[in-house]
Amino acid sequence: MLTKTVLQIKRARWRRARTEPVSLPHVAPPAAAPGAAELQPTDESFVVEQPEERSPMQQVLMYRTGSSTPRFELRENPSNQSPGSFEDAQAGARVPRLGTQDLLAIARYATANGFTLNGFVIEDQALTRVPEELEQEISEELIPVLIRDGVAHAAAIIDDEYGYYVTGVKLTGHDRRPFTLLREGVTRTQPETHLEDFLQAAWTAVHFS
C-alpha cells in the first residue's frame, strides 16, 4: 500500500503541469512470447476477472437520430482497430466519447442499480496508465466519495488533487460477470453481460456524451 506521504508527493507532482488529453491513443496489445507460461489465478479477484480477459476486444457504437434516445450496438474488434474507424456518419453511428465525468456518472448509476464497482482505470496527462498499486489506491479513495458525494466531487478530486484522468470503469453485473468500459467505448466483455442494455438504461439516467 502506498503511504499518505507518497500519495501527496504524486499529487503535487501532477498539479505543477497538466494538459488536456486530445484523444485516446490506439495501441495494439503486445503479443505473448512464444512458450510463455499462462498466469494462474491465485485468489478470488483473479478468478472473477479471468473470463473477461479471455473475451475479445469490442467496440460500442451509438446510433442516434435527432433528439431520440440512442441505440447501442457492440461490434467485435479482435484486431484492436481504432474506435474512429467504426464511425459511420451516414448511418448515424458514432463512438461514445466517455470522458472522466461520463465514466464516473455511469459508475455511480451502476452502483445505485445493483452493480459492484471494482475500481477505475486511471491515466496520467500523457494517457499512460498509472502503476497498478497507485490505481488501486486512488480507486479506493474515489469510490466512497463518488457514492456519497456525487460525480462533481469525485471528478474534482481526480482532477485537482491528482491531475489524472478516469479513462475506464471496472464493474461486475448482477450475474457476477465482470466488464471494463473504457474511453471512446472500447470494452472487453462477455456476450451474456448485455452491455448494450446496460448502456441504454445508463444513458437514459445520466445522458453521457
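What pLDDT does the protein chain average, and what share of the residues score at least 70? I am working from a predicted model, so I checked confidence before anything else. The chain averages a pLDDT of 80, and 73% of the residues score at least 70. I flagged residues 12-51, where pLDDT stays under 50; the model has 43 contacts beyond four places in sequence for that stretch.

Next entry: a helix pair. I looked at α4 (residues 132-149) and α5 (residues 151-162), which pack at about 150° with their axes 7 Å apart. Angles over 145 degrees count as roughly antiparallel, so that is how α4 and α5 run relative to each other. On the α4 side I noted I138, E141, L142, V145, L146 and D149; they meet V151, H153, A154, I157, I158, E161 and Y162 of α5. Sorted by class, this contact has nine nonpolar, one polar and three charged residues.

Last entry: aromatic rings. I found a count of six aromatic pairs. One of them joins Y109 and F198, with centres 6.0 Å apart and planes at 50°, so I logged the pair as tilted. Y109 sits in helix α3 (residues 100-111) and F198 in helix α6 (residues 195-206), 89 residues apart, so the pair links distant parts of the chain. Buried or exposed, I wondered, is Y109? Y109 is buried at 18% relative accessibility, and F198 is buried at 7%. Y109, F115, F179 and F198 form one aromatic cluster.

I also noted Y162 with Y164, a stacked pair at 6.1 Å centre to centre and 15° between the planes. Y162 is buried at 1% relative accessibility, and Y164 is buried at 2%.

Key. Residues are numbered from 1 along each chain as its sequence is written. This is a predicted model: local features need pLDDT of at least 70, side-chain atom pairs count only at pLDDT 80 or more; totals for chains, interfaces and linings use all residues. Side-chain values use heavy atoms; hydrogens and water are left out. Axes are lines fitted to C-alpha atoms, for helices over the stretch in contact, and angles run from 0 to 180 degrees between N-to-C directions. Helices (H or I, at least four residues) and strands (E, at least two) are DSSP runs, numbered from the N terminus. Angles under 35 degrees count as roughly parallel, over 145 as roughly antiparallel, 65 to 115 as roughly perpendicular and the rest as oblique. Contact means heavy atoms within 4.5 Å. Ala, Val, Leu, Ile, Met, Phe, Trp, Tyr, Cys and Pro count as nonpolar, Asp, Glu, Lys and Arg as charged, and the others, Gly among them, as polar. pLDDT is the predictor's confidence in each residue, from 0 to 100. Rings of Phe, Tyr and Trp (its six-membered ring) pair if their centres lie within 6.5 Å; planes under 30 degrees apart count as stacked, over 60 as edge-to-face and the rest as tilted. Buried means under 20% relative accessible area, exposed over 50%, partly exposed in between (1.4 Å probe, protein chains only).
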